[in-house]
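Me: Please go through the salt bridges here, one question at a time.

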Amino acid sequence: MDFTTLPSISDWFDGVDQWREVLALLPVLVVLELVLSADNAVALAAIARRCRGQDRERLALNIGIALALVLRIGLILVAQWVLQNPVVQLLAATYLLWLFLDHLRSMSANQEAADEASTLESAPASLARVVLVLAFTDLAFSIDSVAAAVAISDQFLLVITGAVIGIVALRFTSALFIRWIEMYPRLETAGFLAVGFVSLRLFIHVLRPALHQPDWFTLVVVTALFSWGLSRRQLISAPGSDHVG
């Protein structure tokens with residue numbers, strides 16, 4: 001989820017320009033980043049798992065998140081341009097939709113393999129490809145959140161600091177979700193359903209800006225999806241099955 005689910009937050013701090021007051025916004029930006037990026041973290045975790053190996057997953061997350069940070073800082077610097085160019089938001093929405101549809105395709109392929117009692121496990125994905133997908137996935141999720149963060153404060157150093165702290169935290173929450181995805185078989189699908197929902201919101205926001213999307217409805221939908229995702233747990237008995245930490 002992104003900051004646009006709480007657009008009224010900018011009203012709370014309207015007119016804040018002094019550094020002493022602006023610094024008080026840093027915890028707000030970080031907390032919002034952590035609380036509202038659960039779907040982003042699940043998507044990144046699922047993408048990193050395609051490397052199939054603890055060391056490769058860790059390496060992919062480290063490089064991918066570092067590249068994502070560079071892209072996010074660049075996005076912050078051109079945030080005003082992004083706000084005035086709905087095409088960029090449409091591209092982000094299309095990319096997130098592609099991620100969702102690709103997940104459905106992968107689920108279908110895995111189900112067909114299981115029905116055929118195949119013993120072949122899919123080969124690990126290219127590390128470079130996984131890194132790029134991680135970085136651009138975070139960028140797509142960040143389009144609206146960065147624009148909203150800039151709307152909260154015009155202090156770019158503050159916004160960038162919040163982004164750095166938030167994305168470092170995202171690295172560790174993604175690692176946590178890699179373990180949770182193994183424990184909760186529905187969680188990955190719940191995360192990608194949330195990705196599809198965010199994509200739909202972006203499309204509606206750009207194509208029908210006059211159509212109001214209630215904040216509470218977005219929060220209810222995403223909470224319901226993750227509640228469903230965490231509703232069934234399976235035991236992992238194999239030793240050494242822990243993944244990225």
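Predicted model: local features only at pLDDT ≥ 70, side-chain atom pairs only at ≥ 80, totals over all residues.

Residues are numbered from 1 along each chain as its sequence is written, and side-chain values use heavy atoms, with hydrogens and water left out.

Me: How many salt bridges does the structure hold?
Reply: A salt bridge is a side-chain nitrogen of Lys or Arg within 4 Å of a carboxyl oxygen of Asp or Glu. By that criterion the count is five.

Me: Which residue forms a salt bridge with Asp 138?
Reply: The closest N and O atoms of the pair are 2.5 Å apart. Asp 138 lies in helix 8 (residues 127-152) and its partner in helix 5, so the pair ties together parts that are 66 residues apart in sequence; helices are DSSP runs of H or I, at least four residues, numbered from the N terminus. The partner is Arg 72.

Me: Is Arg 72 buried or exposed?
Reply: Buried means under 20% relative accessible area, exposed over 50%, and partly exposed in between (1.4 Å probe, protein chains only). Arg 72 has a relative accessible area of 3%, so this residue is buried.

Me: What is the relative accessible area of Asp 55?
Reply: Asp 55 forms a salt bridge with Arg 58, and both lie in helix 5, three residues apart. Arg 58 is partly exposed at 26%. Asp 55 is exposed, at 59%.

Notes: Helix = DSSP H or I, 4+ residues; strand = E, 2+ residues; numbered from the N terminus.
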